[in-house]
Amino acid sequence: PTRRSSDLDSGVNPNSPFLKPWLVAQEEFVPPQYRDYSHGSFVAGLVCNAFDLNHQDQRFPTTKSKIVDVVAFPSQGGLSEDQLLQILEDVVPKYPDVKVWNLSLAKDKPPCSDDSFSDFAVALDQLQDAHGVTFVMAAGNYRNTPFRAWPPPNLGERDRICPPADSVRGVTVAALAHEDRPNSAVKKEQPAPYSRRGPGAAFLPKPDVAHYGGNCTSKGQYSQTGILSLDGGDNLSENVGTSFATPLVSTLLANVTDAFQNEPSRCLAKALLVHSAVLRSEPLTARLLKYRGFGVPGDIRNVLTCNPWSATLVFEPLVLPDKRFVKDGFPIPACLRTPDGRVFGEIIMTVVSEPPLDARFGAEYCRRNIDVSLGTY
């Protein structure tokens with residue numbers, strides 16, 4: 001198990017016999033009398049052992065992560081953006097070995113804007129850059145009934161993602177249904193009825209990826225179709241939400257980061273995650289991209305290795321303005337060439353970059369674009 005995952009939530013019961021062995025440390029910002037461990041324990045259980053808690057369903061990650069638990073959310077009342085940022089500014093520098101921070105939180109309104117990025121997202125981007133970490137955050141839940149079916153009705157902007165899910169540096173996670181019943185709003189593998197959709201600000205592709213968060217009826221009932229984890233009293237519990245798809249990606253990304261002998265860059269870790277999702281998914285469409293991002297990444301072995309009949313080449317160049325990176329003489333196996341020298345097969349290229357950011361430019365917050373091609377010039 002890796003020590004590189006942290007959960008900022010309502011907290012984990014420090015006396016839990018199941019979760020205590022996984023706690024590396026706890027940072028407490030809520031007095032004991034104002035704590036409710038239900039949500040935090042549910043998320044923590046999924047970070048630690050989602051696979052076994054969910055009947056060893058092969059679609060759930062087998063990865064397990066230790067946790068720095070940040071008790072931030074009180075049982076009653078909310079937490080302002082400024083308060084949340086202050087907590088993150090306090091705890092992130094204390095744990096330099098923690099590279100992945102799970103943020104199973106999202107605002108309900110207002111939705112992301114077409115022409116500017118939220119102040120909240122900008123602040124989180126600055127924090128991630130300052131400390132070399134990645135925030136994995138929920139796309140958020142659309143809470144108005146009747147919940148969405150599939151194909152989805154037009155809800156205008158009401159089910160669009162809200163801050164801070166528009167963070168450029170972060171990984172935003174949508175939810176899919178892993179089970180269905182005759183009265184479920186959607187079928188298994190379809191976008192969950194409550195999961196908010198993209199795009200992000202300035203039409204940035206958001207969410208980045210998806211994972212399983214449970215299914216429900218149009219009225220929000222989820223018996224036998226929810227995700228399983230631990231409640232605040234160490235009981236097996238069932239629930240649904242993008243909050244519970246998010247830790248599945250957090251624990252996977254933490255273990256991807258930990259698997260390298262030399263710590264990979266944030267770009268490389270994110271690229272491997274997205275590339276795995278694309279390889280496993282049905283052909284991408286504009287509509288699917290808005291609801292489930294690039295798909296569901298595979299388990300750790302799928303992310304880090306290839307099938308015997310495929311190969312993945314990784315290039316991580318420094319791309320400067322007005323400069324080009326070219327791989328000349330691209331390696332193509334002889335078995336994929338026809339007698340006249342042409343090539344047949346499937347090539348998928350995933351490009352992830354970290355452009356300079358400047359919020360003064362509104363929709364042009366990302367200050368560099370990278371063009372990529374398999375063509376000729």
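Let's start with a helix pair: the axes of helix H4 (residues 242-258) and helix H5 (residues 266-280) come within 10 Å and cross at roughly 125°. Axes here are lines fitted to C-alpha atoms, for helices over the stretch in contact, with angles running from 0 to 180 degrees between N-to-C directions. H4 and H5 are therefore oblique to each other; angles under 35 degrees count as roughly parallel, over 145 as roughly antiparallel, 65 to 115 as roughly perpendicular and the rest as oblique. The crossing of H4 past H5 is right-handed, a label for a near helix turned clockwise from the far one by less than a right angle, with anticlockwise being left-handed.

On the H4 side the contact uses Val249, Leu252, Leu253, Val256 and Thr257, and on the H5 side Ala269, Lys270, Leu272 and Leu273. Contact means heavy atoms within 4.5 Å. Sorted by class, that makes 7 nonpolar, 1 polar and 1 charged. Ala, Val, Leu, Ile, Met, Phe, Trp, Tyr, Cys and Pro count as nonpolar, Asp, Glu, Lys and Arg as charged, and the others, Gly among them, as polar.

A word on where this comes from: it is a predicted model, where local features need pLDDT of at least 70, side-chain atom pairs count only at pLDDT 80 or more, and totals for chains, interfaces and linings use all residues. Residues are numbered from 1 along each chain as its sequence is written, and side-chain values use heavy atoms, leaving out hydrogens and water.

H4 also packs against helix H1 (residues 38-53), at an angle of about 35° and with the axes 8 Å apart. H1 passes H4 in a right-handed crossing too. From H1, His39, Phe42, Val43, Leu46, Val47 and Ala50 meet Ser243, Phe244, Pro247, Leu248 and Thr251 of H4. This contact has 8 nonpolar, 3 polar and no charged residues.

Now the whole chain. It has 7 helices and 9 strands, which are DSSP runs numbered from the N terminus (helices are H or I, at least four residues; strands are E, at least two). Of its 377 residues, 49% count as buried, where buried means under 20% relative accessible area, exposed over 50% and partly exposed in between (1.4 Å probe, protein chains only). The C-alpha trace spans about 75 × 45 × 40 Å along its principal axes.

Back in H5, we find Cys267. Is Cys267 buried or exposed? With a relative accessible area of 16%, Cys267 is buried. Leaving aside residues up to four places away in sequence, Cys267 touches Glu316, Val352, Ser353 and Glu354. Its C-alpha atom is 9.2 Å from that of Val351, 84 residues apart along the chain.

Most residues other than glycine have a negative phi, and most peptide bonds are trans. These spots go the other way:

| Spot | Backbone value | Location |
|---|---|---|
| Lys109 to Pro110 | cis, omega near -5° | Pro110: loop between strand E4 (100-103) and helix H3 (119-131) |
| Thr145 to Pro146 | cis, omega about 0° | Pro146: loop between strand E5 (134-138) and E6 |
| Gln56 | positive phi, about 55° | loop between H1 and strand E3 (65-71) |
| Gln224 | positive phi, about 75° | loop between E7 and strand E8 (227-230) |

As for accessibility, Gln56 counts as partly exposed at 46%, and Gln224 counts as exposed at 51%.
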